[in-house]
Amino acid sequence: DVPEHPSYQASNKGRIRSKDRVVKYVREGDIRNLPCKGRILTPSRPGDNKIEYPMVTIPIGGGKFKGCCVHTLVLLAFIGPRPKGMIARHYPDRNPCNNNLNNLQWGTPKQNQMDRIEQGTYLRGERASWAKLTKNQVAEIKGLYASGKWTQKELGLKYGIHRASVSNIINEKSRKEE
């Protein structure tokens with residue numbers, strides 16, 4: 001059972017199911033209690049509605065619903081409440097769809113970041129979608145500035161970046177070589 005959502009259960013394979021229950025059915029003033037068979041919920045997939053992890057929608061009362069990450073529900077059911085300062089961590093497999101209990105644990109944000117670096121999924125340098133420069137352009141900027149013929153402002157205009165970004169590259173405060 002998922003402690004925070006007693007009408008739901010999680011399996012160690014990462015499946016979430018609703019439990020058998022009785023629902024109140026109201027029609028034209030007639031109130032009936034009808035049995036409702038539990039079922040395995042179909043999670044939304046990463047990429048659907050810009051979500052990062054598989055989620056299921058759970059009613060929280062008053063006609064309201066809450067999207068819950070599958071990995072969090074599995075950890076709550078088997079490991080217990082999230083310790084303060086901890087987050088859900090997929091390890092050793094970083095695949096967000098692998099919600100098997102043996103791949104999940106509570107961990108610190110720092111541990112999670114170190115996992116990303118270790119497994120090569122940390123977006124750094126030109127692998128990041130927001131990167132404006134390639135590794136070669138960074139090397140060119142360093143070389144041109146070292147020649148003494150270019151100012152930081154001129155290099156910023158040439159490469160379409162701010163002068164402060166050029167300064168950070170030259171002083172190796174950003175875009176350290178991988």
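This is a predicted model: local features need pLDDT of at least 70, side-chain atom pairs count only at pLDDT 80 or more; totals for chains, interfaces and linings use all residues.
In which handedness of crossing does α3 pass α4? The legends below take up this helix pair and then a pocket.

View 1. α3 passes α4 in a right-handed crossing, a term used where the near helix is turned clockwise from the far one by less than a right angle. The axes of α3 (residues 135–146) and α4 (residues 152–159) come within 10 Å and cross at roughly 150°, axes being lines fitted to C-alpha atoms over the stretch in contact, with angles from 0 to 180 degrees between N-to-C directions. That makes α3 roughly antiparallel to α4, a label for angles over 145 degrees. Helices are DSSP runs of H or I with at least four residues, and strands are runs of E with at least two, numbered from the N terminus.

**View 2. The contact of α3 with α4.** Gln137, Glu140, Ile141, Leu144 and Tyr145 of α3 meet Gln152, Leu155, Lys158 and Tyr159 of α4, contact meaning heavy atoms within 4.5 Å. By class, this contact has five nonpolar, two polar and two charged residues; Ala, Val, Leu, Ile, Met, Phe, Trp, Tyr, Cys and Pro count as nonpolar, Asp, Glu, Lys and Arg as charged, and the others as polar.

**View 3. Strand β7 and helix α2 at the second largest pocket.** β7 (87–90) and α2 (109–119) each supply at least two residues of the lining, and β7 gives the most, with three residues. The lining of the second largest pocket has three nonpolar, four polar and four charged residues.

Residues are numbered from 1 along each chain as its sequence is written. Local features need pLDDT of at least 70, side-chain atom pairs count only at pLDDT 80 or more, and totals for chains, interfaces and linings use all residues, while side-chain values use heavy atoms, with hydrogens and water left out.

Key: Angles under 35 degrees count as roughly parallel, over 145 as roughly antiparallel, 65 to 115 as roughly perpendicular and the rest as oblique.
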